[in-house]
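I opened the notebook to look up how this chain is put together, entry by entry. The model comes first, then my notes.

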Amino acid sequence: MRVFNIFAAVFLMIFTLNSCAQKSPEGEYFGAQFEPESKQSEEITSAYAAIKVKDTVATQVSGTIKEVCQAKGCWMQVALTDGQEVFVKFKDYGFFVPKDVAGKQVFLDGLAFVEEMPVDEQKHYAEDKGATPEELSKITEPKRTLRFEASGVLIAE
């Protein structure tokens, strides 16, 4: 009888711990692994509204991947829940993401900032996307962009 009571107590303890545990999204990590926070994307979009050019905020962002660099997977464009988009590069060019992940949910951990992208950099990224010479000639002014330097990326399954 004593063995049965011990088994029952252990079973109940394991069941209780599993039911109380928070489930984090499953998927594939790139770069540093991290535990996705439960805060919503709306919080980071308001943080973007509050920061000035060259300011940075250490945070996490989640959204949907709109597009990925088709040359190497070295950058991606992520749609936030409020319709804004953030341009994501990877810390120290230390890792890349697969080129076929557009449309998937992504969680990012790193630094959020606002930047004015120079004309030559805009043209470089447009070339990566396959822009025509006519499209490239229309890029004539610096552009204010929401940016993110990810130290870790989790692409949800």
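**Ground rules.** I am working with a predicted model, in which local features need pLDDT of at least 70 and side-chain atom pairs count only at pLDDT 80 or more, while totals for chains, interfaces and linings use all residues. Residues are numbered from 1 along each chain as its sequence is written, and side-chain values use heavy atoms, with hydrogens and water left out.

**Layout.** I looked up the secondary structure and found four helices and six strands in the protein chain, taking helices (H or I, at least four residues) and strands (E, at least two) as DSSP runs numbered from the N terminus. The order from the N terminus on is α-β-α-β-β-β-β-α-α-β. Of the 157 residues, 36% count as buried, where buried means under 20% relative accessible area, exposed over 50% and partly exposed in between, with a 1.4 Å probe and protein chains only. For contacts (heavy atoms within 4.5 Å) with a separation of 6 or more, I noted that 73% join residues 24 or more positions apart.

**Cores.** I next searched for nonpolar cores, meaning sets of buried Ala, Val, Leu, Ile, Met, Phe, Trp, Tyr and Cys residues joined through side-chain atoms within 4.5 Å. The largest one has 24 residues, and those with the most contacts inside it are Tyr-48, Met-76, Val-88, Leu-108, Phe-148 and Val-153. At least two residues each come from strand 2 (56-68), strand 3 (75-79), strand 4 (85-90), strand 5 (105-117) and strand 6 (143-156), and strand 6 has the largest share, with five residues. Another core, of six residues, lies apart from it and includes Cys-74, Trp-75, Phe-87 and Tyr-125. I then listed the partners of Leu-108 beyond four places in sequence, among them Phe-34, Met-76, Val-88, Phe-148 and Val-153.

**Rings.** I counted six aromatic pairs, pairing rings of Phe, Tyr and Trp (its six-membered ring) whose centres lie within 6.5 Å, with planes under 30 degrees apart called stacked, over 60 edge-to-face and the rest tilted. Tyr-29 and Phe-34 make an edge-to-face pair, at 5.7 Å centre to centre and 90 degrees between the planes. Tyr-29 is partly exposed because its relative accessibility is 24%, whereas Phe-34, at 10%, counts as buried. Ring pairs also link Trp-75, Phe-87 and Tyr-125 into a cluster.

**Pocket.** On a 1 Å grid over the protein atoms alone, I took a pocket as an open set of points where a 1.4 Å probe fits, with protein on both sides within 12 Å along at least five of seven lines, and its lining as residues with an atom within 4 Å of a point. The largest pocket holds about 350 Å³ of space and is lined by 14 residues, of which Gln-77, Met-117, Lys-129, Lys-143 and Thr-145 lie nearest its centre. Two or more lining residues come from each of strand 4, helix 3 (119-129) and strand 6, and helix 3 gives the most, with four.

Asp-92 is exposed, with a relative accessible area of 68%, while Tyr-93, with 44%, is partly exposed.

Methods:
Points joined across faces, edges and corners; volume = space filled by probe spheres on them.
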